[in-house]
Amino acid sequence: MRCLKFFITTAIDYPSSKPHLGHAYEKICADTIARWHRLLGHKVYFSTGLDEHGKKIERIAKKNDKPPQQFVEEMSVHFRSLCRVLSISFDDFVRTTEVRHEKAVLEIFQRIDEKGDVYNSLYEGSYCVECETYYSREELVENNCPVHEKPVELVKEDSYFFRMGKYQKQLIDFLEKNPSHLLPKERRNEILERLKVPLNDLSISRTTFGWGIRLPNNKKHIFYVWVDALTNYLTTVGFPKKRFEQWWPADMHLIGRDIVWHHTVIWWSLLMSAGLPLPKVFSHGFINLASGKMSKSKGNVVDPIALSEKYGSDVVRYFLLREIPFGEDGVFDEQKIIERNNFELANELGNLHYRVLSLIEKNCAGTIPSAATDNVLTKKLELEAFRSNMEKYQLHFALATVMAFVKECNKYVNEKEPWKLSGAAQEKVLYSLADSLRIIAILLSPFLPKTGEKISSSLGVKTASFKDVKFDLLPARTKVSKGEILFKKIEDRL
Ligand code: ME8
């Protein structure tokens, strides 16, 4: 049987400042999905990276008295650290200032130009530098950018245009016929609603600043940063070299809901023009604070690296993946990290692991006894629910299913009181629990990679495949080693 491929991307972040919790959240979700597909045995390619060109970066670099290349070079270190700290298992980290990327952008431009979809004219209108996006008068809210709620800039300049309007009907037809290409469905409905008004052509070049890729036919012009940035998804798989076809189209562009328009209307119409198949898009929600939006201007952004250093990266991952229904907005609340750590990770998972391994060390000379897993426990694992939630990308529900099984295992320990048993009866209970822990480690591994690894290695096994989620596969006589405690309780209240 041919191995299924799965190509997943995150958005590429603006390195205008250090990464925030929203960036971390997107990468954690993408990483969980990538790891899940690897567990299924699929051939996975996972890319992330940085969107380093454009007026916004040019301005910030200038404010910091640095050439833009030096500025992004320094900033990129923080984004790479974020990936390392959070165990983000990417295959490629694309930066739009790389030579390979320029080649991909020029090829896309050549294709849309050859199609007759590029013309020269004058752009006059509103532009928000923060989101690097043009807005029509109707889209502004009291003359402000609808996303940043700040005044837009009026620009008037010579520009090349892409005949995006020409693709309006094709875009609507595509969205109507391919509902799974844009999820959740609320986002699809929003785009279809916005496509009810005539679609303007897109200004794809700028002349008023210099930080970007130059148009091949007119070097005074710089590519509009979104045309540049979106093409990173092709760069990463080797476009225009033929090998890109083994991965393209992407099976998931995981992005926030503020940039769905760019990833569907702009990106899809460019791809239609270039004659390339269309990727699927999934929009996650936003992480807000109880007091409202997280924003650099309010100075209230949460630093995910500091948070991981304080609580541990798997605790941060657990909080975000369990707390926020995937696809919806969520609220960041540090007190809830502590509660989930204490009640779910330390009291339930950590405690189960500690008890079972201690009992095996004490009663079975530290080796797995030989027995079969008790039906009482095997019946408690809702594997079908787990799998179907993963397939529907209901990550929070899938994780809840594993944690419900952890709870059942603790209940089983309490009911059976293995410390009071001996001989075969005791061995059966301890084998059942160790075998269940092995399965818990596999199911948790996409969400909490370090924890999955720690549990597996304490049982002397590897977490490699979803195929191993079957009871009774834990080999008897394997040596166990309890290792350090998985999660410490955090005593302080904030
Ligand atoms: O938009 N909660 O970059 P970016 C959750 N360079 N996600 C959030 C968030 C929050 N509070 N804030 C931002 C860009 N994000 C472009 C992308 S892709 C070709 C170019 C998400 O640094 C946001 O929705 O502003 C986006 O998906 C990602 O973080 C990068 O945002």
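Helix axes are lines fitted to C-alpha atoms over the stretch in contact, and angles between N-to-C directions run from 0 to 180 degrees. Helices (H or I, at least four residues) and strands (E, at least two) are DSSP runs, numbered from the N terminus. This is a predicted model, in which local features need pLDDT of at least 70 and side-chain atom pairs count only at pLDDT 80 or more, while totals for chains, interfaces and linings use all residues. Residues are numbered from 1 along each chain as its sequence is written, and side-chain values use heavy atoms, with hydrogens and water left out.

**Helix packing: H6 and H9**

- H6 (185–194) packs against helix H9 (residues 260–274) at an angle of about 55 degrees, with the axes 11 Å apart.
- The two helices are therefore oblique to each other; angles under 35 degrees count as roughly parallel, over 145 as roughly antiparallel, 65 to 115 as roughly perpendicular and the rest as oblique.
- H6 passes H9 in a right-handed crossing (the near helix is turned clockwise from the far one by less than a right angle; anticlockwise is left-handed).
- Arg187, Ile191 and Arg194 of H6 meet Val260, Trp261, Thr264 and Val265 of H9 in this contact (heavy atoms within 4.5 Å).
- The contact of H6 with H9 comprises 4 nonpolar, 1 polar and 2 charged residues (Ala, Val, Leu, Ile, Met, Phe, Trp, Tyr, Cys and Pro count as nonpolar, Asp, Glu, Lys and Arg as charged, and the others, Gly among them, as polar).

**Helix packing: H12 and H15**

- Helix H12 (residues 334–363) and helix H15 (residues 395–416) pack at an angle of about 50 degrees, their axes lying 10 Å apart, which makes H12 oblique to H15.
- The crossing of H12 past H15 is left-handed.
- Residues making the contact include Leu345, Leu349 and Arg355 of H12 and Met403, Lys407 and Asn414 of H15.
- By class, the contact of H12 with H15 holds 7 nonpolar, 3 polar and 4 charged residues.

**Ligand surroundings**

- The ligand is surrounded by 24 residues, of which Ile12, His23, Glu26, Asp51 and Asp258 are the closest (a heavy atom within 4 Å).
- Polar contacts are pairs of N or O atoms within 3.5 Å: a polar side-chain atom of His23 is 2.8 Å from a ligand oxygen atom, and a side-chain N or O atom of Glu26 is 2.5 Å from a ligand oxygen atom.
- Gly256 places a backbone N or O atom 2.9 Å from an oxygen atom of the ligand.

**Backbone features**

- Leu183 and Pro184 are joined by a cis peptide bond with omega about -10 degrees.
- The Phe239 to Pro240 peptide bond is cis, with omega near 5 degrees.
- Asp65, not a glycine, has a positive phi of about 60 degrees.

Definitions and conventions: Polar contact = N/O pair within 3.5 Å; in protein donor to acceptor, adjacent residues only side chain to side chain.
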